[in-house]
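Thanks for coming, everyone. I will keep this short. Please take a look at the structure before I go through it.

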Amino acid sequence: MAAPLFENIPDELKIHPRWTPWAYKDTDPGEEPKKLPLNANGRGGAKINHPETLVDYPRAVEAFENSQSWTRGPGYDGLMFAIVEGDGFAGLDIDDCIDPDTGIIEQWALEIVEQLNSYTEISPSGTGVKIFMIASKPGARCCKKPHFEFYDRSRFFTVTGNRFPGSPSTVEKRQAECEAVYNLLFPPEPPRPVAVMPDKMVDLSDSALLARALGPWKNSAKFNQLWFGDYSMYSHAKDPKSKKGYREPYDHSAGDLGLCNLLAFWCGPQGHAQVDRLFRQSGMMRAKWDRHARAQDATYGAGTVRLAVDGCSTFWDPRYRSGISPRSRALTLGDRGDDAQHPAFEGEGARGEMPDGGRSDKPETLLPASGSPPPDQGGIERYPAAPDDPDREASLLDEAAWGPRNDLPRIETYNVHLRERAGETFRYMVAANDPPEVFRRGSCLARIEVDAAETISIKDLNVPTLRNRLTHVVAFISTSEKRGSIAVKAPVDIMEDIMAWGKWPEVPIVEGVTRTPIFDQSGTLLDTPGYHPSARIYYLPEPGLEIGDTTPSPESVAAARSLIEEEIFVNFPFADQASKAHAMALVLLPFLRPLISGPTPLHLIDAPQAGTGKSLLAQACISVFTGMLPGAVIPPTTEEEWQKTLTGVFKAGGSHFFLDNARMLNSISLFAALTTGYWEGRLLNMNEMGRYPIVCTFVATANNVAAGPELLRRSISIRLDSGVERPEERSGWKHDPLLSWIRENRSEFVTAAITLARAWVDGGRPKYTGAMRPLGSFEGWFHTMGGVLDVIGMQGFLENREAFRDRAENEDAPWYVFVEKWAELFSNRVVGAAELFELATEYLGPDADGATETAKKAKFGKRLASHTDRIYGAYRIVYKGKSTSGANKGAKLFALSPTDYNNPMPSLGNTDPTISGETTSKLATQGAFDEELGV
């Protein structure tokens with residue numbers, strides 16, 4: 001087996017810390033070895049549900065290369081990528097489709113590869129392919145033997161980098177194609193014939209239905225045995241792998257399904273909720289019922305109920321109730337009142353005898369053979385009548401007591417287990433969530449909110465907001481013997497329990513919000529208000545926004561481009577054509593963001609001096625899409641503040657992240673956010689981490705920004721230069737005030753932007769074919785926006801890149817060399833400014849200020865202090881205070897702190913001379929100087 005081709009592995013996978021090495025593990029003789037994921041951080045295996053056993057891509061590669069198992073024997077055989085729920089990835093594994101001798105792929109498999117058209121590679125065996133895409137499966141089925149395995153969560157996929165010829169080199173968004181292939185592989189099963197009568201069959205309360213099920217009928221003995229928790233009738237089959245030859249003597253899971261099968265007969269073809277509700281009251285109930293079962297893509301209980309009800313072909317019909325007593329007693333614990341008081345009972349009839357001699361009207365005769373009491377049945381529905389008011393029940397539950405929503409389902413809160421109350425409440429909430437108003441966002445439930453400034457955002461649900469939602473979904477009642485049934489507000493413990501689950505697969509995921517139509521990944525314009533699952537976007541149109549004809553004819557495209565250039569850009573002094581092209585890309589990007597696979601760069605608007613119009617240009621471009629003035633963020637000063645700021649912005653799901661007046665942008669948090677698809681940050685006032693997709697457009701303004709290599713490779717330049725001494729005094733603006741004029745005419749600009757975007761979409765979404773090289777980590781954006789600008793005839797894309805690099809690096813280039821040599825000589829040791837003076841003189845140039853050597857060193861100390869917390873390459877300059885002893889008491893002390901951003905030191909060509917012999921000899925006295933400083 002050949003080594004992985006690391007250079008071919010897509011960046012879309014590399015940026016996620018979901019990697020682990022793997023090795024072959026021998027199994028039984030005659031069987032193929034299995035691929036075992038291993039923990040690169042230590043011994044043992046790696047597990048998807050244990051993130052601490054997974055590592056980032058560089059660490060996985062390092063562990064793999066150190067083992068080199070294909071030449072040195074036992075070790076790692078390759079790398080695996082974990083597809084985790086919420087990452088947005090899906091993987092299709094097609095086995096036995098390539099001839100190992102000829103290397104030719106089967107035609108049926110080739111058609112699937114071409115239809116999905118995303119990154120595809122040949123599996124380690126050489127006989128199959130794996131296709132990675134950004135999508136989610138429309139169903140829960142995963143395997144179809146012998147060829148297909150389809151997963152979008154909880155699965156390890158080997159990654160070889162052996163790209164299938166002709167397939168894309170990037171992981172693409174393929175939701176529509178994924179759904180089409182899934183439906184082809186797993187066609188929906190035809191509904192099973194059900195022998196039912198045409199009329200409504202079952203309409204009984206839980207207690208009345210249970211009374212009939214426990215009464216005399218052909219399976220009543222079996223039902224009673226299971227109801228009280230005795231599943232001894234189900235024996236386990238022999239297990240040859242068990243040391244004793246058997247597992248547990250009885251099969252609890254078979255008993256669960258057996259009871260659900262019997263309940264399904266009574267509850268009817270639509271009785272899923274009632275079967276679940278009744279099962280929870282039985283002696284078979286256990287904690288496993290609410291655990292998630294991966295194979296069923298639901299909880300174990302939900303899957304069992306679904307299997308029982310959907311598989312039942314015969315249901316009870318009240319018109320044919322031969323042998324069923326109409327006065328079967330409701331087995332409510334402690335309730336032995338007269339049958340006539342219960343609303344479910346009607347007429348007269350004989351009490352039925354049970355086959356074992358028990359009587360349905362005497363609960364104490366229905367105990368299991370062991371003699372143990374039945375489980376607590378406090379959850380059984382009951383409405384006792386008050387002694388002094390026979391009509392008490394009706395008076396409390398009529399419209400006068402409940403208001404106009406007396407049709408809401410009712411949930412009993414008194415003396416009912418929290419698990420049952422919360423589960424039933426959530427099921428009603430899900431049933432009413434159409435169209436969606438409650439969503440999943442990170443690890444929380446959320447809703448869409450619009451504030452007084454008409455800003456739309458995603459906000460996490462808390463107890464008050466969840467109670468507000470439940471008020472319109474269910475009615476909570478509390479029933480006791482003394483007061484009967486009364487209405488109560490939603491209990492706090494129910495809402496807290498629901499919010500603490502952490503997983504709500506029935507609730508749709510929302511990744512962003514917009515007040516303007518956008519395109520989804522299939523190229524469809526989402527212009528219908530509401531939630532769009534294809535893009536996981538919620539669209540709430542701004543009042544008054546009217547979209548005109550966006551048909552992209554040559555004339556309409558030319559007119560749309562002219563409208564933006566001659567009405568918005570006309571008075572801005574762009575330094576070059578590339579800057580204007582990048583401004584146009586900034587206007588169009590949010591309309592096309594779901595079509596772009598991977599991250600997008602920072603749009604950096606800079607100028608030689610203040611007053612040139614940087615902030616106004618940024619606000620003008622952003623307001624075309626948002627319809628309002630964007631909220632500007634002042635760049636934070638510490639990494640902790642950066643992380644909090646970024647978490648808040650990504651959590652809200654807005655369309656733009658705007659940094660105004662950003663003199664220095666040297667945050668490793670910002671660098672990471674610009675090159676990754678998801679962000680993990682600590683939630684405010686909580687000890688939990690939130691995980692959010694990054695779908696916003698990044699914009700920043702600055703005057704002669706000092707940018708290092710890390711920022712340069714993540715930015716595109718929009719340069720303004722007025723060529724006058726006081727640019728803020730310029731006059732003659734075509735539209736003044738510009739932003740108010742844009743808002744008044746926003747419908748025209750949105751129509752123009754959509755027309756330009758449609759010209760590219762309807763034209764087949766061609767990739768950029770110009771001479772400029774792609775930006776690393778931004779290939780999806782590069783080909784999309786470059787292709788759009790080509791289609792609309794906008795020249796200059798990325799042509800100012802070298803000028804931007806020369807201008808931005810000019811000021812700080814010597815400092816990168818100085819810090820690199822500082823690290824080589826002193827590592828992370830604490831040093832004084834005087835000790836670094838000779839090194840600084842050689843690499844930063846002599847400091848002319850200062851009459852004496854001592855004065856020059858003091859001047860350099862202040863200069864070095866001004867660079868505190870600045871990042872140069874892989875290091876940050878850290879101020880360590882002043883020396884407290886020795887001859888140089890009071891001297892400023894500094895050290896280098898390695899950043900956690902894993903990138904090599906920048907390459908600056910010939911600006912990095914070797915250290916002179918004189919400097920080396922002077923630096924050899926490090927130990928004596930440290931002692932003198934008292935460090």
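Let me start with a question: in which loop is proline 435 found? Proline 435 sits in the loop between α13 (418–431) and β13 (439–441). Helices here are DSSP runs of H or I with at least four residues, strands are runs of E with at least two, and both are numbered from the N terminus.

A word on the source. This is a predicted model, where local features need pLDDT of at least 70, side-chain atom pairs count only at pLDDT 80 or more, and totals for chains, interfaces and linings use all residues. Residues are numbered from 1 along each chain as its sequence is written, and side-chain values use heavy atoms, with hydrogens and water left out.

Back to the backbone. Proline 435 is joined to aspartate 434 by a cis peptide bond, with omega about 5°. A cis peptide bond also joins aspartate 736 and proline 737, and omega is about 5°. Proline 737 is in the loop between β29 and α22.

Now phi. Most residues other than glycine have a negative phi, and most peptide bonds are trans. Serine 154 has a positive phi, near 50°. It lies in the loop between β8 (148–151) and β9 (155–159). At 24% relative accessibility, serine 154 is partly exposed. The cut-offs: buried is under 20% relative accessible area, exposed is over 50%, and partly exposed is in between, with a 1.4 Å probe and protein chains only. Asparagine 415 has a positive phi too, near 60°. Its place is the loop between β12 (410–412) and α13. Asparagine 415 is partly exposed, at 47%.

Next, salt bridges. Side chains of opposite charge can pair when their charged atoms come close. How many salt bridges does a search of the whole structure find? It finds 30. To count, a side-chain nitrogen of Lys or Arg must be within 4 Å of a carboxyl oxygen of Asp or Glu.

Take arginine 743 and glutamate 542. Their closest N and O atoms are 2.8 Å apart. Arginine 743 is in helix α22 (residues 738–744), and glutamate 542 is in the loop between β22 (537–539) and α16 (554–567), so this pair ties together parts that are 201 residues apart in sequence. Arginine 743 is partly exposed, at 44%. Glutamate 542 is buried, at 11%.

Then glutamate 567 and lysine 734. Here the closest N and O atoms of the salt bridge are 3.1 Å apart. Glutamate 567 belongs to helix α16 and lysine 734 to the loop between β29 (715–719) and α22, so distant parts of the chain are linked, 167 residues apart. Glutamate 567 is buried, with 17%. Lysine 734 is partly exposed, with 44%.

Lysine 821 bridges to glutamate 824, with closest N and O atoms 3.3 Å apart. Both lie in helix α25 (residues 801–826), three residues apart, about one turn of the helix. Lysine 821 is buried, at 11%. There is a network as well: salt bridges that share partners join Asp276, Arg280, Asp290, Arg419 and Arg427.

On to aromatics. The structure holds 32 aromatic pairs. Rings of Phe, Tyr and Trp (its six-membered ring) pair if their centres lie within 6.5 Å; planes under 30 degrees apart are stacked, over 60 edge-to-face, and the rest tilted. Phenylalanine 265 and tryptophan 266 are edge-to-face, 5.3 Å centre to centre, with 80° between the planes. Buried or partly exposed: which is tryptophan 266? Tryptophan 266 is buried, at 0%. Phenylalanine 265 is partly exposed, at 21%.

Phenylalanine 837 and phenylalanine 860 are also edge-to-face, at 6.2 Å and 65°. Phenylalanine 837 is in helix α26 (residues 833–844) and phenylalanine 860 in helix α27 (residues 853–865), so the pair ties together parts 23 residues apart in sequence. Phenylalanine 837 is buried at 7%, and phenylalanine 860 is buried at 3%. One aromatic cluster is formed by Trp19, Tyr57, Phe81 and Phe89.

That is my tour. Questions, please.
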